[in-house]
Amino acid sequence: MKILMVCLGNICRSPLAEGILKSKVSSENVYVDSAGTAGYHIGELPDKRSIAVAKKYGIDITDQRSRKFSIADFDTFDTIYAMDESNYHNIVSLARNDEDAEKVKLILKEISTNNIMNVPDPYYGGDQGFENVYNMLDEACDVIASKI
Ligand code: 4NP
């Protein structure tokens with residue numbers, strides 16, 4: 001099983017999603033990666049605030065470097081989780097066929113009782129935004145891990 005987490009810059013939300021899901025699954029059974037739809041931060045570490053909130057919960061994400069989503073990711077991954085509807089539409093617009101498009105899901109749809117569909121972009125906010133993002137992703141990744 002191969003899962004890709006995608007946001008815009010691949011420095012705030014999707015690195016957290018990658019680190020959190022990796023902490024809940026066996027790396028022998030599940031390969032988890034993340035990417036951004038934009039290339040603004042290619043090669044960079046996750047945002048300091050993402051690194052800090054992950055560390056607070058015992059997760060080290062400093063091995064990650066930002067990369068851009070590529071069409072080849074449709075071949076590599078079974079499921080591609082978008083952090084928000086904008087990311088979702090950007091990825092689906094790159095799909096070559098229905099099979100590609102069907103791999104793309106909104107991550108918060110995994111939390112069935114939740115009617116919030118977008119993980120808010122915390123980039124321009126404060127630390128509380130990162131805590132909020134962490135908690136949303138932790139809940140969604142519990143559901144994803146339980147289904148694997
Ligand atoms: P992310 O957050 O998509 O969660 O990684 C952002 C990071 C950088 C920018 C926007 C969002 N930016 O505009 O540089």
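Which ligand atom is 2.8 Å from an N or O atom in the side chain of Arg13? In this predicted model, an oxygen atom of the ligand lies at that distance from the Arg13 side chain. Backbone atoms also take part. A polar backbone atom of Gly9 is 2.8 Å from a ligand oxygen. For Leu8, a polar backbone atom is 2.9 Å from an oxygen atom of the ligand. On its own, the ligand has 350 Å² of accessible area, and the protein covers 92% of this.

The residues around the ligand include Cys7, Leu8, Gly9, Asn10, Ile11, Cys12 and Arg13. By class, the shell divides into seven nonpolar, three polar and two charged residues.

Aromatic pairs were examined next. The structure holds four of them. One is formed by Tyr57 and Tyr134, whose ring centres are 4.3 Å apart. Their planes meet at 15°, and planes under 30 degrees apart count as stacked, so this pair is stacked. Tyr57 lies in the loop between α2 (48-56) and α3 (73-76), whereas Tyr134 belongs to helix α6 (residues 127-147). The pair therefore ties together parts that are 77 residues apart in sequence.

Notes. Residues are numbered from 1 along each chain as its sequence is written. This is a predicted model: local features need pLDDT of at least 70, side-chain atom pairs count only at pLDDT 80 or more; totals for chains, interfaces and linings use all residues. Side-chain values use heavy atoms; hydrogens and water are left out. A residue is near a molecule or strand if one of its heavy atoms lies within 4 Å of it. A polar contact is a pair of N or O atoms within 3.5 Å; within protein, one must be able to donate a hydrogen and the other to accept it, and residues adjacent in sequence count only if both atoms are side-chain atoms. Accessible areas come from the Shrake-Rupley method with a 1.4 Å probe; for residues, only the protein chains shown count as cover. Ala, Val, Leu, Ile, Met, Phe, Trp, Tyr, Cys and Pro count as nonpolar, Asp, Glu, Lys and Arg as charged, and the others, Gly among them, as polar. Rings of Phe, Tyr and Trp (its six-membered ring) pair if their centres lie within 6.5 Å; planes under 30 degrees apart count as stacked, over 60 as edge-to-face and the rest as tilted. Helices (H or I, at least four residues) and strands (E, at least two) are DSSP runs, numbered from the N terminus.
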